[in-house]
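Subject: Structure for your review

Dear colleague,

Please find below the structure that I am handing over to you.

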Amino acid sequence: MRTGMLNWRNYRYGKWALLLGLFSIALYVSQGASPAQPPNGGTWQGYVLGTIGALLILWLSVLGVRKRSYSSSAGTVQGWTSAHIYLGSVLLAVATLHCAAQFGWNVHTLAYVLMCLVIFSGFYGLYVYVHLPDRVASNIVDRDRAAWLEELGKLDQRIRDVAAGSDAQLQGMVLSALELTRLGGNLFQQLRANDRSLVQEPGGGKPVSNAEQSVLIETLSRRIPDARKQSEAETLSELLSLFGRRQVILHLLRRDIRLKGLLKLWLYFHVPLTFALLAALLVHILSVFIYW
Amino acid sequence: MPLDYRIAIVGAGPAGLSVAGRAAIYDAETGASTPSYVLLEGHTTFAKTIQKYQKGKHVMDEPGFLQLRSEVPFAAGKREEILGAWDNSIGGGLNVRYNAEVVGIEGEKGNFTLRLASGDSVTAENVVLSIGTQGNPRTLGVDGDAESDFVLYTLDDPEDFKGETIVVVGAGDAAIENAIALSDFNTVYIINRRGEFSRAKDGNLNAVLAAINDRDRAFHCRYESSVAAVELPDAPGETGAIVLNTPGGEERLECHRIIARLGTVPPRRFVESCGIEIGSASADAVPDVDRHYQSNVPGLYVIGALGGYPLIKQAMNQGYDVVEFIHGKDTRPADYPLLQDQFSGLPYVMDAEDILELYQQRVPMFKRMNPLAFRELIIESRITVSLPAEELARAPQGGERSTVFVAAGEPVYRNGEFSTTFFTLVEGEVRLQLEQDGPWHQIKPGQFFGEMSLLSGRPRQGDAIVERDSILIETPRRVMVKLMNSNEEVRQGIDRVFIMRALQAAFRPAMSLEELALVADQVQTCQFAAGEVLFTEGETGDCLHLIRSGTVVLSQGGTELVVAQLHSGELAGQMALMGAPLRRNTATAAVRTETLRLGREQFLALVNSEPEHISTLQGELSQLLQYTNSMASQPEAARSIGFLMEQGMGEATNALVIDTSLCVGCDNCERACAETHDGISRLDRESGASLASLHVPVSCRHCELPHCMKDCPPDAIRRAASGEVFITESCIGCGNCETNCPYDAIKLSYSAPPKPGLWSWLLFGRGSGPGEPAGFTPTAESKDVGKKAVKCDACMGRPGGPACVRACPTGAAIRMGPDQFVELVEAR
Ligand SMILES: Cc1cc2nc3c(=O)[nH]c(=O)nc-3n(C[C@H](O)[C@H](O)[C@H](O)COP(=O)(O)OP(=O)(O)OC[C@H]3O[C@@H](n4cnc5c(N)ncnc54)[C@H](O)[C@@H]3O)c2cc1C
Ligand code: HEM
């Protein structure tokens with residue numbers, strides 16, 4: 001396996017995180033269980049765990065800065081990300097032990113929940129980062145998106161030229177299929193990758209769905225056996241193969257848009273939630289010092 | 001019959017103008033009533049090459065170390081300013097004749113006749129040829145084809161024309177690109193003499209066919225058509241016409257403009273027709289001239305770009321000096337102070353000109369060289385003197401171009417260092433290794449070394465140590481290449497020593513140099529274009545190849561399955577001579593490659609002289625075999641290497657590869673590149689080829705023999721000792737490197753506006769954020785300075801290494817040389 005984020009420097013930060021986790025558990029256990037002072041953020045152990053947790057959160061957030069400090073020679077972004085992942089995960093344990101699972105409807109628990117959301121969005125992001133790149137690469141088979149779009153453009157041009165030799169009815173349908181093809185759209189549509197392409201059927205009426213170019217492909221294949229003239233059959237079968245290719249390319253592009261969207265989407269949760277967390281954390285710490 | 005002029009100057013570029021300027025001063029001094037010289041210019045105005053620069057281009061006055069010596073002014077500045085200043089000089093009374101293309105020169109010193117295209121002729125005692133190297137566009141060859149508003153031979157900006165009917169004549173890349181660009185706003189006809197566009201690049205071929213078939217585009221083609229006549233418009237702004245001979249008969253097309261792109265006629269044929277000899281067939285060979293710029297035809301002088309001096313200032317200085325020489329004054333050339341400076345640290349009291357002569361006599365290979373070429377070689381070189389350590393501290397510190405002092409007993413270069421300079425020893429002694437930790441050889445005065453890296457572009461093999469009181473000439477590769485291209489004797493001299501040393505390094509023969517020379521003479525030098533096959537699997541072989549430059553790949557069971565790559569200094573096909581004669585694999589040149597081909601006889605002569613070395617060779621061979629076998633058993637890995645080689649990575653030394661199984665497409669690499677390089681990314685992550693999970697983005701690979709360094713007029717592209725190829729401040733933005741780079745890794749760009757700091761963006765939203773946006777509008781100042789070439793410098797000198805790699809969150813971006821490819825593909 002190639003060195004990715006997880007096995008960076010032979011799992012260096014995985015090992016660190018493991019040690020930190022064990023240390024936190026030991027600290028927690030050392031609080032004992034006296035009814036006078038139950039384990040929570042109030043013991044000295046709780047303070048230590050809380051301080052570690054807060055520092056971790058701060059440091060985890062600094063990744064956003066490091067990632068953009070392009071001249072920085074403080075380690076590589078890859079190393080930072082590797083540490084971020086492991087130490088971010090162990091934070092879940094550190095913070096839970098810190099609060100000893102005492103929850104309520106207050107700002108303290110809000111901070112905890114926000115932290116969990118950030119962490120779980122991080123888990124999801126990690127999953128995406130690990131699994132999607134291969135799928136992106138195998139989907140677009142060694143070409144870039146621009147190259148596919150170019151082929152699509154040429155294909156459409158060819159379809160227009162060939163369709164010019166067919167009857168007006170079919171030509172109208174073909175052209176409407178080209179025109180009413182939908183790719184991309186808003187974020188939600190991009191991610192669903194639902195084919196919203198339409199086609200105008202002969203005889204008027206509202207355009208109907210032409211998802212995966214199916215209406216066109218079906219119409220063409222149905223008409224080929226009925227073709228009267230050799231030339232008509234040729235036109236129809238060429239159109240059929242062109243639309244077949246079109247279907248493949250559109251499908252692939254839609255998937256590409258979807259996968260690349262997924263690779264970015266989670267950061268739109270992870271990062272804003274981080275800011276919310278930092279705010280809640282500040283309030284949490286201040287209120288503890290003021291009211292305690 | 002008295003002659004018309006004392007001096008006829010052909011070509012009113014910077015060189016020719018400078019000649020005229022100086023000749024005019026002589027006339028003024030003698031109070032001549034009619035000019036004693038004429039400046040003949042083929043174009044409608046002066047300095048055609050400079051007129052063709054893009055508008056507003058910043059013209060540089062490199063080389064900075066050279067003083068201008070000319071009556072005509074020149075200093076770095078905008079194209080318009082410089083042309084304006086020259087126009088003033090001409091207005092001040094220079095005798096220029098425009099539209100006077102010279103098509104033939106006959107006669108001899110004291111009596112030359114220059115024939116003009118118009119049929120006129122001019123007589124003169126001396127002729128100065130300063131026609132540059134740009135050549136002249138091939139014309140339509142019919143009446144009315146002279147360059148005018150109606151008939152154009154170049155196109156500066158397609159957007160200058162809108163709503164017109166334009167006929168583009170030609171079927172090459174320039175014609176196609178112009179025609180397509182024009183068809184955005186005009187009706188275009190493209191006239192092709194043949195039945196297809198076979199001369200065009202693939203991209204252009206597809207584009208022109210698409211444009212012709214595109215119904216929405218007013219783009220028409222006439223195949224198998226030639227131009228029969230041109231009808232000029234009656235008044236400016238009206239339409240004229242072009243008459244074509246088409247397969248269907250004559251056709252008249254009314255049009256606003258004709259743009260003919262029929263290629264250029266290089267000046268070589270014309271120059272040779274004047275009786276001037278050009279020593280070598282190579283395309284960039286220059287005519288041989290003496291110290292006074294006089295060619296082999298007495299009275300016929302060659303200066304400027306045509307004489308091999310590619311910069312304006314040099315051209316102008318020569319223009320001044322040549323008039324002095326013609327007037328019998330042996331003035332010291334403008335570069336004399338440079339020579340003095342270079343020789344200033346030498347331990348003798350002698351005039352610089354005499355040292356120059358002495359040194360030329362010391363080195364057998366340079367002895368018969370033309371003195372002007374030798375002078376140029378010295379001016380471009382560094383003179384190095386070795387001193388014992390205790391004296392070194394006391395040695396005077398000169399300027400950048402004065403004598404360099406080094407400590408005796410220390411290396412002038414070390415094994416593994418990237419440098420391609422060529423050393424000539426004029427005094428003292430140098431100890432030389434031909435491979436890492438190899439035996440030492442002695443270099444004596446008059447001998448040279450460093451030719452291995454010069455020819456192969458690979459890092460130095462072994463150390464070179466200079467003993468005390470030695471004097472060395474260190475010459476840049478560019479100068480040596482130019483010299484080898486124009487001087488057959490030097491080329492052969494270097495080749496011969498190269499072959500002998502290569503054989504010594506590879507076989508360690510125990511032979512005298514004379515015996516070795518005999519073997520070397522029988523060795524054949526072979527050249528292979530990328531993709532050409534050296535030998536094929538299954539055939540019987542009777543020779544081996546010692547790679548001199550380039551990369552050879554061995555494949556087994558199909559050329560895409562690469563089982564080994566071999567670089568210069570390594571052997572290919574030795575198996576056939578050392579074991580079974582059947583070739584076990586196919587050897588293909590991955591990039592342009594040169595090899596030394598050894599037959600069985602030469603091989604046996606070499607190895608039998610030193611039987612002890614045979615076991616070493618066999619050891620190496622068995623290692624290679626083990627290695628190829630292991631690769632052959634991993635077809636996926638072999639295919640990946642084959643793919644990388646196909647992308648030209650065989651000549652890379654440091655290339656960016658992206659592992660697509662890790663890449664999340666965040667483009668942080670591009671941003672990091674832009675942020676650390678004045679706002680302009682030098683890599684394009686998404687474009688470029690991919691196979692399996694490897695992607696080779698468009699970015700510089702720091703080639704062994706960088707194509708971009710080939711013809712850079714100010715020598716602005718350099719290679720650091722650690723291997724990075726980079727562009728210095730002296731870039732003049734001519735675009736040669738962009739054209740020469742086969743990997744599209746160089747762009748011409750305006751400088752980007754400075755960015756606000758990260759915090760002021762984060763906190764105050766000032767300016768654009770890090771890495772965004774990719775596009776920018778250049779400021780007026782940066783437009784003034786003009787575009788310059790930008791490329792990757794592998795983050796030379798940055799702590800931590802390349803920013804693109806350091807900024808990748810997932811470890812997908814990797815930089816490596818060919819040695820690490822195997823590790824890369826095997827690891828998956
Ligand atoms: C894009 C570009 C950018 C450059 N930028 C710079 C720069 O910034 N600084 C710099 O120092 N150098 C620069 N150079 C190089 C510089 O332009 C040349 O070195 C210089 O022009 C050479 O001068 P020349 O007089 O020898 O020849 P040219 O300038 O080429 O002049 C030759 C003249 O001879 C005329 N001619 C040709 N054949 C005939 C004939 N048969 N009869 C009559 N006339 C003829 C031509 O029309 C032309 O006017 C650049 C070159 C290019 C292409
Ligand atoms: C409270 C805990 C966490 C905080 C505050 C936090 C914060 C951040 C921040 C600020 C970024 C930078 C995003 C950007 O600038 O583009 C980031 C990126 C990231 N985080 Fe977290 N994170 C936390 C936990 C986690 C966890 C638990 C994981 C995974 C297990 C994780 C995985 C990632 C990944 C994969 C990135 C993307 C790196 C990149 O693209 O450069 N994070 N995080």
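B:E427 stands opposite B:I471, a residue of β28(B). This pair belongs to a contact between two strands of chain B, β23 (residues 422-427) and β28 (residues 471-475), which are antiparallel and joined by 5 bridges. Please keep in mind throughout that the model is predicted.

Strand β23(B) also pairs with β26 (residues 448-449) of chain B; here there are 2 bridges, and the sense is again antiparallel. Within this pairing, B:T424 has B:F448 as its bridge partner. Is β23(B) mostly covered or mostly open? Of its 6 residues, 5 are buried, and the strand is therefore mostly covered, buried being defined as under 20% relative accessible area.

These strands are part of an open sheet in chain B, made of 5 strands in the order β21-β20-β28-β23-β26, with mixed pairing. At its edges are β21 (404-407) and β26 of chain B, and each of them pairs on one side only. Strand β20 (residues 382-387) of chain B pairs with β21(B) in the parallel sense, over 4 bridges. In that pairing, B:L387 is found opposite B:A407 of β21(B). As a general point, side chains in a regular strand alternate between the two faces of the sheet.

I turn now to the ligands. Where does ligand 2 lie? Its place is between chains A and B. There are 24 residues around ligand 2, and those that come nearest are A:K67, A:R68, A:H84, A:Y129 and A:H270. Three of these residues have polar side-chain atoms placed against the ligand, as follows.

- A:R68: an N or O atom of the side chain is 2.9 Å from an oxygen atom of ligand 2.
- A:H84: a polar side-chain atom is 2.7 Å from a nitrogen atom of ligand 2.
- A:H270: an N or O atom of the side chain is 2.7 Å from a nitrogen atom of ligand 2.

The elements giving two or more residues to this shell all belong to chain A: α2 (44-61), α3 (63-68), α4 (77-99), α5 (107-139) and α11 (267-291). Among them, α4(A) gives the most, with 6 residues. By class, the shell around ligand 2 consists of 13 nonpolar, 9 polar and 2 charged residues.

Ligand 1 has 32 residues around it, of which B:E41, B:T49, B:Y53, B:A305 and B:P310 come nearest. Several backbone atoms of chain B approach this ligand. For B:A305, a polar backbone atom lies 2.8 Å from an oxygen atom of ligand 1. For B:V102, a backbone N or O atom is 3.0 Å from a nitrogen atom of the ligand. For B:P14, a backbone N or O atom is 3.3 Å from an oxygen atom of the ligand.

Finally, the structure contains 11 cavities of 30 Å³ or more. The largest cavity holds about 130 Å³ of space. It is lined by 16 residues, and B:L554, B:G573, B:M575, B:N585 and B:L624 are the closest to its centre. Which elements of chain B give two or more residues to this lining? They are β34 (571-572), α17 (575-578) and α19 (612-632). The largest share, 4 residues, is that of α19(B). The lining divides into 10 nonpolar, 4 polar and 2 charged residues.

Yours sincerely,
A colleague

Definitions and conventions:
Residues numbered from 1 in each chain as written. Chains lettered and ligands numbered in written order. Predicted model: local features only at pLDDT ≥ 70, side-chain atom pairs only at ≥ 80, totals over all residues. Heavy atoms only, no water. Near = heavy atom within 4 Å. Polar contact = N/O pair within 3.5 Å; in protein donor to acceptor, adjacent residues only side chain to side chain. Nonpolar A, V, L, I, M, F, W, Y, C, P; charged D, E, K, R; others polar. 1 Å grid on protein atoms, 1.4 Å probe; cavity = no way out; pocket = protein on both sides within 12 Å on 5 of 7 lines; lining within 4 Å. Points joined across faces, edges and corners; volume = space filled by probe spheres on them. Buried < 20%, exposed > 50% of the residue type's maximum accessible area, 1.4 Å probe, protein only. Pairing = 2+ DSSP bridges.
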